[in-house]
Amino acid sequence: MTIAITGATGQLGRIVVADLVKAGRAADIVALVRSPAKATDLGVAVREADYSRPETLSPALAGVDTLLLISSSEIGQRLAQHKNVIAAAKAAGVSRIVYTSILHADTTPIDLAPEHLATEAEIKASGLTYTILRNGWYTENATGSVAGAVAAGALIGSLGAGRISWAPRADYAAAAVAVLLGAGYDGKTYELAGDTAYSAEDLSAAVSAAAGKQVPYNSLPPAAYADILKSFGLPDFLAAALASWDDEASKGVLVNNSRELSRLIGRPTTPLKDTVAAALTAASVPA
């Protein structure tokens with residue numbers, strides 16, 4: 001069985017490929033990437049595949065049995081890009097698609113959801129066998145800025161008293177690998193999230209413990225948070241989006257207690273404190 005992974009040089013894709021290689025499936029894997037030169041270290045076959053260039057997609061999918069469609073990172077262009085991949089997969093004779101969607105895609109108010117939900121509908125309409133993995137919030141969405149927060153002396157955001165069922169990318173990658181290599185997942189949609197819903201206070205405690213000093217969390221109104229993000233150099237649209245997602249999270253929309261993720265991977269999801277400590281170590285922040 002040949003398994004193709006889109007976005008294989010991305011943050012999630014690299015982990016999936018590495019896990020498949022560790023599972024002894026390197027000979028069965030095809031990494032689909034926009035820039036093959038960036039994928040020479042993956043240890044698997046590499047083919048050029050650009051979501052926005054349909055002419056690259058059918059050749060890239062030739063001989064592929066199962067496709068992991070990792071959602072595009074280009075918000076606003078995702079649906080058109082995903083449609084290109086789905087059409088090419090059908091034309092190339094791919095038999096199964098596994099897609100990384102968003103938690104509660106059909107009910108969440110988070111503005112990322114419509115493109116994901118529409119992609120799910122396109123996959124189902126294609127007639128191909130499918131599995132939908134509705135991934136929750138990555139812990140790295142929070143830990144990516146903890147080194148700077150430690151240096152500045154405080155975490156900031158708009159989470160308020162809300163909670164998020166964070167899990168790291170490695171856990172979501174493990175779930176994808178389980179579905180790609182296993183059986184019994186056809187036609188199913190999984191709501192994936194961490195076992196524990198963490199608060200801003202929990203994040204502060206984890207960062208403080210790892211850094212060896214108090215790093216409080218300052219919850220700000222979304223507009224104020226967006227303004228600070230803009231002052232850091234983030235584009236206006238991204239700053240506003242990050243603040244709005246935090247605001248929605250403050251209302252509990254990123255909490256999920258199904259434990260479907262831990263069941264798929266056969267172990268508890270990784271605790272917040274472990275991912276925080278790893279992030280600070282990687283950033284060379286003394287712990």
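**Ground rules.** I kept in mind that the model is predicted, so local features need pLDDT of at least 70 and side-chain atom pairs count only at pLDDT 80 or more, while totals for chains, interfaces and linings use all residues. Residues are numbered from 1 along each chain as its sequence is written, and side-chain values use heavy atoms, with hydrogens and water left out.

**The sheet.** I looked up the strand order and found an open sheet of 7 strands, β3-β2-β1-β4-β5-β6-β9, with parallel pairing. Helices (H or I, at least four residues) and strands (E, at least two) are DSSP runs, numbered from the N terminus. Two strands pair if DSSP finds at least two bridges between them. At the edges I found β3 (45-48) and β9 (188-192), each pairing on one side only. Neighbouring strands are turned by 20 degrees against each other on average, direction ignored. For angles, axes are lines fitted to C-alpha atoms, for helices over the stretch in contact, and values run from 0 to 180 degrees between N-to-C directions.

I then checked β6 (residues 129-135), which is joined to β9 by 5 bridges. Arg134 has Glu191 in β9 as its bridge partner.

**Helices on the sheet.** Helix α4 (residues 113-126) packs on the sheet and touches β5 and β6 (contact means heavy atoms within 4.5 Å). The direction of α4 makes about 165 degrees with that of β5. Helix α1 (residues 11-22) lies across β1, β2, β4, β5 and β6, and runs at about 160 degrees to β1.

**A helix pair.** Next I turned to α9 (residues 222-231) and α10 (residues 236-249), which pack at about 145 degrees with their axes 8 Å apart. Among the residues making this contact are Tyr225 and Leu229 of α9, and Ala239 and Leu242 of α10.

**Aromatic pairs.** How many aromatic pairs does the structure hold? I found 3. Rings of Phe, Tyr and Trp (its six-membered ring) pair if their centres lie within 6.5 Å; planes under 30 degrees apart count as stacked, over 60 as edge-to-face and the rest as tilted. Trp137 and Trp245 are edge-to-face, 6.0 Å centre to centre with 90 degrees between the planes. This pair links distant parts of the chain: Trp137 sits in the loop between β6 and α5 (140-143), and Trp245 in helix α10, 108 residues apart. Tyr185 and Tyr190 have ring centres 6.1 Å apart and planes at 70 degrees, so this pair is edge-to-face.

**Burial.** Are Trp137 and Trp245 buried or exposed? Both are buried (under 20% relative accessible area, with exposed over 50% and partly exposed in between, using a 1.4 Å probe and protein chains only). I noted that Tyr185 and Tyr190 are buried too.
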